[in-house]
Amino acid sequence: RGMSDTIIKKPWGYEKIWAHTDKYVGKLLHINRGHRLSEQFHRVKDETIYVLEGVLQLELDGAVEVIYLTEGESFRIEHGRVHRFVAPKHGTDVKLMEVSTPELDDVVRTEDDYDRAN
């Protein structure tokens with residue numbers, strides 16, 4: 001069984017933390033079609049995402065680089081790299097798995113559609 005299976009509602013959808021130890025974290029992210037997470041970076045956290053459903057628009061370095069990841073594709077985001085996850089309007093909801101180092105509070109938002117502070 002999952003450790004906590006904590007569901008956290010977000011303005012863009014929800015995340016479910018299915019593993020949280022002092023060494024790693026596992027999350028399921030559900031991004032509603034037409035929504036996007038904040039543009040952000042992490043000072044320490046290192047993460048890798050794996051797309052389960054839909055097509056993820058991954059914006060890197062302030063959208064200088066845009067990559068589309070489809071079901072079964074993964075991408076590593078090292079600490080310090082500005083990134084944003086988007087479920088495009090013309091697509092579907094996006095589900096992705098994220099595995100990372102355990103620093104859950106290590107989020108520096110550089111832009112946010114929902115006026116959330118850093």
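What pattern does the protein chain follow, read along the sequence? In this predicted model, the pattern is β-β-β-β-β-β-β-β-β-β-β. The protein chain has 11 strands and zero helices. Its radius of gyration is 13 Å, close to the 13 Å that the globule rule gives for 118 residues, so the chain is as compact as a globular protein of that length.

Whole-chain values for the protein chain are set out below.

| Property | Value |
|---|---|
| Span of the C-alpha trace along its principal axes | about 35 × 30 × 25 Å |
| Residues that count as buried, of 118 | 39% |
| Distance between the mean positions of the 17 positive and 22 negative charges | 4 Å |

Sequence separation can be read from the contacts. Among those between residues at least 6 apart in sequence, 64% join residues at least 24 apart.

In soluble globular proteins, nonpolar side chains tend to be buried together. Here the largest nonpolar core has 17 residues, and those with the most contacts inside it are Ile31, Leu56, Leu58, Leu69, Phe75, Phe85 and Leu96. At least two residues of this core come from each of strands E3 (25–31), E5 (47–53), E6 (56–60), E7 (65–69), E8 (74–77) and E10 (94–100). Strand E6 supplies the largest share, three residues.

Leu96 gives a local view of the packing. Leaving aside its neighbours within four places in sequence, Leu96 is in contact with Lys27, Leu28, Leu29, Ile31, Ile49, Tyr50, Val51, Leu52, Leu56 and Phe85.

Note on methods. Residues numbered from 1 in each chain as written. Predicted model: local features only at pLDDT ≥ 70, side-chain atom pairs only at ≥ 80, totals over all residues. Heavy atoms only, no water. Helix = DSSP H or I, 4+ residues; strand = E, 2+ residues; numbered from the N terminus. Rg over C-alpha atoms; globule rule 2.2 N^0.38 Å. Buried < 20%, exposed > 50% of the residue type's maximum accessible area, 1.4 Å probe, protein only. Contact = heavy atoms within 4.5 Å. Lys, Arg positive; Asp, Glu negative; His and termini not counted. Charge placed at Lys NZ, Arg CZ, Asp CG, Glu CD. Core = buried A, V, L, I, M, F, W, Y, C linked by side-chain atoms within 4.5 Å.
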